Amino acid sequence: MTKRGRKALLLAPAGIWLLVMLALPLLVVFVFSFGERGAAGGYVPAFTLEQYANLPARWTAFKNTLILAPLGTIAALVIAYPLAYFLAVRCSPKWKTSLLILVIVPFWTSILIRSYAWIFILGGRGLPALLESIGIDDVRLINTPFAVLVGIVYGYLPLMVFPIFVSLDKLDKRLLEASADLGSTPWRTFRQVTLPLSVPGIATGCMLVFILLMGEFLIPAILGGGKVFFVGNALVDLFLQSRNWAYGSAVAMTLVVVMLVTVSIYMKFISRLGGQREDVSLM
Amino acid sequence: MTKDNGTISKQKFMEELRRYQKGSVTRRHFLGVTGLGMATAVLGTAMPGLRPRPAFAAGDIGDRVILATWPNYHDEMNFEAFTEATGAHVQVNVFGSNEEMLAKLQAGGSGWDVFVPTNYTITTYVGEDLIIPLDTSKLPNYDAGSFEQRFSDAGSVDGQLYAVPKNWGTTGFAVNTSKLDGAPTPTTWKEFWDLTMEGYSGRTMVHDYQLTTIGNALKYFGYSFNSVDEKELADAEKLLLDAKPHLFAISSDYQPPMRNGDAWMTMCWTGDGKQMNVDMPEIAYVLGAEGGELWSDYYAIPKGAPHMDAAYALIDFLLNPEVNAKEVLAHGYPSADARTNALLPKELLEDPILYPAADLLNALEFGAAATLTDPNRAELLARFKSA
């Protein structure tokens, strides 16, 4: 077999997968977005820009998503980083594996059931009752944007912890010793050595969490009580309730475009950040 | 502090488990009070292989039948009896709205054998060619004459039988009267919405369902539950948007928050009202004096059902008056079948929640096909939710 043939053979499964599972469906959605809703719902072929003209009716859903997705990503990062740092740098090797497993364990249960648990924690019998016993009355947590944020951080934390852990775990400890030998304070070592070297992990974690959050619908539906509406929820409603596939396709296409734009801006920002430092290695 | 009647202690859980094991309470009661119902519904039905094998197989109808139905709407024991009698395991898919069922069938490949559409959807299913005419020779337990006509006539379209009656009921509201501070229990939809925006602010739930949520908002102004009039819908939308900041949630899963005291009032279907009222008498079920919805559910078979024989067998089994009576006792929705009612205890047939007084019942309207498919109503609810 020629080198080219082997290359093609290696790429074929992924290529076919992408074509059938990504490119074709996206094409269908694109075509549908110019159609119309059938009388009993569904899709009727047409060529109209009406669906796109109607987009402002879902502005709140886009707004909620574009506020809570980045906020959730940042909150997850702030909580995940110290945890990943502890696991990778400070934790004794004896405990490392067991603690890492503890981070993964929640993934063994469906996110649906885990989110249901939060209904009870944030509901009137949970935290608010606890707060009431110390004199803080009438706190409503469930079915608020805060509840959705808590659910997001809880659900996506492992996705943030692992990439950061991996990048910190690989970190050559001798670099830290060198930094200390050259008179750096621990804080300065962290800021100038550890943090820059973990940027790839942070970037990957943020990207994973952010992209998934942009399409999230389960957590807002369960912990937002139908009141905190994401684009994902708007899409579920358009396809399953009002059965307006054409409008749903237009909303979906818009989400894809919004996502492409935000992610490419983000990538540019990250690569600039990454470009500021030389690759450091003692080998 | 709210009264402690929703959550369950470890000790209470064990007591309930013992009661269930001894057979002194039903499985539904056990699952309901312990909160395990949800978990089992999700976990158990997806894995027929985990279920015990039937002792024998009476007829060769395959090993499973897939039923798409509503929450809290069957007696699990009946499904087990069906499996025992036929060898076919009943796999249950639970849905929250008729639109969702319609969407799944329109998309194709639902895999359902039997589903439970509501009266106003059947003409649409027939028009879209999504359900099959029923062969009554395969349903020996179906006796057209024994059903009250107003709850069975939507099953036939142009003289052809497409669906047989399951249960009927009303859509009213449930209100936790212990939170009223001595004020009289509300009796109208006007009071429902006014209370939502005043004393019960942050404590009311409305269905995630355009038919009932919009319909009951229309009732505030005295309009028809089924209105598709632009001006009337605009009034309803304004009311909904005004009420939205005061809502606890927009969700059709209202039993858990009502039971644990997070929600104090909710739009509610008969059986849920009955189930909550039995366990917590302070939760009253009210039919709005202005009217509201009267509905009737049916069994139907989607076109291309993968286990057609099992589908007929399951419907016929559930139409058996003795089985049906057990169903009614478990879920609390009335049956329109005189043969079934003859087997039910008198106090159930006189229950004001299940069988409301004639004057309240007469004010109610059946939902119309046009109400369900009206694009403006669908979009109105979507705007309300995303506002």
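Helix axes are lines fitted to C-alpha atoms over the stretch in contact, and the angles between them run from 0 to 180 degrees between N-to-C directions. The structure is a predicted model, in which local features need pLDDT of at least 70 and side-chain atom pairs count only at pLDDT 80 or more, while totals for chains, interfaces and linings use all residues. Residues are numbered from 1 along each chain as its sequence is written, and chains are lettered from A and ligands numbered from 1 in the order in which they are written.

Chain B contains 18 helices and 12 strands; helices (H or I, at least four residues) and strands (E, at least two) are DSSP runs, numbered from the N terminus. Of the 387 residues in chain B, 49% are buried. A residue is termed buried if 20 or more other C-beta atoms lie within 10 Å of its own, exposed if 12 or fewer, and partly exposed in between, with C-beta atoms placed from the backbone. Among the contacts in chain B with a separation of 6 or more, 78% join residues 24 or more positions apart; two residues are in contact if their C-beta atoms, placed from the backbone, lie within 7 Å.

Two helix pairs of chain B were examined. The axes of α12(B) (residues 308–319) and α13(B) (residues 321–331) come within 5 Å and cross at roughly 75°. These two helices, α12(B) and α13(B), are therefore roughly perpendicular to each other, a term for angles of 65 to 115 degrees (under 35 is roughly parallel, over 145 roughly antiparallel, and the rest oblique). Their contact involves B:F317, B:L318 and B:L319 from α12(B), together with B:V323, B:N324 and B:E327 from α13(B). By class, four residues of this contact are nonpolar, one is polar and one is charged; Ala, Val, Leu, Ile, Met, Phe, Trp, Tyr, Cys and Pro count as nonpolar, Asp, Glu, Lys and Arg as charged, and the others, Gly among them, as polar. In the second pair, α7(B) (residues 189–197) and α9(B) (residues 230–243) pack at an angle of about 35°, with their axes 9 Å apart. Here B:W193, B:T196 and B:M197 of α7(B) meet B:L239, B:D242 and B:A243 of α9(B).

Most residues other than glycine have a negative phi. In B:D129, however, phi is positive, near 60°. This residue, B:D129, lies in the loop between α6 (122–127) and β4 (156–157) of chain B and is exposed, with 8 other C-beta atoms within 10 Å. A positive phi, near 50°, is also found in B:D158, which occupies the loop between β4 and β5 (160–161) of chain B. With 7 C-beta neighbours inside 10 Å, B:D158 counts as exposed.

In chain A, helix α1(A) (residues 3–32) has 30 residues and should span 44 Å at 1.5 Å a residue; its end C-alpha atoms are 41 Å apart, which agrees. The expected span is 1.5 Å times one less than the number of residues. A kink of about 45° lies at A:A12, shortly before the proline A:P13; the bend at a residue is the angle between axes fitted to the seven residues ending there and the seven starting there. Helix α1(A) is hardly covered, with one buried residue among its 30. The buried residues of α10(A) include A:G201, A:I202, A:V209 and A:F210.

The contact between the chains takes 28 residues from chain A and 32 residues from chain B. On the side of chain A that touches chain B, α3 (59–90) and α12 (231–241) of chain A are the elements that give two or more residues. The largest share, six residues, comes from α12(A).
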